[in-house]
Amino acid sequence: MTMLQSVLLLLLSVPLIKLAPPAQQDPRITYHYGTDHSEETVFSQDSEDKYLDRKNIKEKETVILPDEKSVQLQKDESVTPPSPKKESDEMPTCLLCVCLSGSVYCEEVDIDAVPPLPKESAYLYARFNKIKKLTAKDFADIPNLRRLDFTGNLIEDIEDGTFSKLSLLEELTLAENQLLKLPVLPPKLTLFNAKYNKIKSRGIKANTFKKLNNLSFLYLDHNALESVPLNLPESLRVIHLQFNNITSITDDTFCKANDTRYIRDRIEEIRLEGNPIILGKHPNSFICLKRLPVGSYF
C-alpha cells in the first residue's frame, strides 16, 4: 500500500469516529438497569430469605411439635395414676339427691344406707328407700341436723349412739319401718314418730322419754306395744298409741296416784282406740286430764 492510500483510509475513518460520540451514561438507562439489577438482587435475596424462613419454620415445627408431645407425655407419665373412685365419689349425694339451702331430699332413690351429707345439712328427707340400718357414723360430722325423716324404709336396727351428737335435732320420723326397739333419743326432740313398726314394750327402755323435756308430739300407733310407755314427759301435747296390744293402764300411767291435785294440763289428745282394753274400767287413770282418751269405754 502506498502512502497516498494510507492517508485516504485515515481520512475516511475520522468521520466515523466523530459520529460515535463518547459513551455517556444515560440516567434513565443507568437507573433502569440498576433498578432491574436491584430488583433481581432484592427478589433473589427476598426469595432466599423466605425460603430460609419457611425452612426454619418447618424445622421449628418439626422440632417443637414432638417437644410439646414429649413434654405432655412426660407430664402424663409423671402424674400419679388416680386412685379408684368410691361409689360415693362417682355419684355425689347432691347429684343423686336434691340439696337446697341446708335441706337434702333423697326420696325414692333406692339407697340402702344414709348417703354422705354436706356438713351444713339441717334437714334430711330420706323417705321411701331401702335403708336397713342407722349407725353412729352416719351423722358423726353433721352436728347441725334439726330434722330427720326415714319414713317408708326397711330399718330394723339403730345403734344407741346414732343420735348422741345431734344436740339440735328436733324432729325424728322413723314411721313405716321394721323396728323392734327404740334407740337412745336426743334430748331436744319436739316430735318423735315411729308409727307402723313392730315395736314391743320390752323394746322401749324405762327412761327412753323421761328426759325429753321438749317432746310435744309422740306417735307410736300401729305397733305391738302391750302397755303405755313409762315416764312420759310433762311437755307432751299429743300421744298416739292406737292399734297396739295395750291391755291395761294404771293410775300412774298419765297421772299421779298419790297426788289428787296434780293436773296434766298440756295434753290435748290421747288416742287408745284399737287396743284390747276397756277404758271405762280404769276411771282413776284419767282424773288429771282435761280430756278423756279416745277409745272404747264399754
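Modeller: Buried means under 20% relative accessible area. This is a predicted model.

Colleague: Why is Phe163 called buried?

Modeller: Phe163 has a relative accessible area of 1%, and buried means under 20%, so Phe163 counts as buried.

Colleague: What makes Phe139 and Phe163 a stacked aromatic pair?

Modeller: The search of the whole structure finds five aromatic pairs. In the one formed by Phe139 and Phe163, the centres are 6.2 Å apart and the planes 20 degrees apart. Phe139 is in the loop between β4 (133-134) and β5 (147-149), Phe163 in the loop between β6 (157-158) and β7 (171-173). Ring pairs also link Phe139 and Phe163 with Phe150 into a cluster.

Colleague: Why is the pair of Phe192 and Phe209 called tilted?

Modeller: Their planes are 55 degrees apart, at 6.3 Å centre to centre. Under 30 degrees would be stacked and over 60 edge-to-face, so what remains is tilted. Phe192 lies in strand β8 and Phe209 in the loop between β8 and β9, so the pair ties together parts 17 residues apart in sequence.

Colleague: How do you know that Asn197 is buried?

Modeller: Asn197 has 7% relative accessibility, and the limit for buried is under 20%, so Asn197 counts as buried. A polar atom of the Asn197 side chain lies 3.0 Å from the backbone oxygen of Ala194.

Colleague: What makes Lys256 lie over the face of Tyr262?

Modeller: Lys256 is 4.6 Å from the ring centre of Tyr262, and the distance limit is within 6 Å.

Technical notes: Residues are numbered from 1 along each chain as its sequence is written. This is a predicted model: local features need pLDDT of at least 70, side-chain atom pairs count only at pLDDT 80 or more; totals for chains, interfaces and linings use all residues. Side-chain values use heavy atoms; hydrogens and water are left out. Buried means under 20% relative accessible area, exposed over 50%, partly exposed in between (1.4 Å probe, protein chains only). A polar contact is a pair of N or O atoms within 3.5 Å; within protein, one must be able to donate a hydrogen and the other to accept it, and residues adjacent in sequence count only if both atoms are side-chain atoms. Rings of Phe, Tyr and Trp (its six-membered ring) pair if their centres lie within 6.5 Å; planes under 30 degrees apart count as stacked, over 60 as edge-to-face and the rest as tilted. Helices (H or I, at least four residues) and strands (E, at least two) are DSSP runs, numbered from the N terminus. A charge sits over a ring if NZ of Lys or CZ of Arg is within 6 Å of the ring centre and within 35 degrees of the ring normal.
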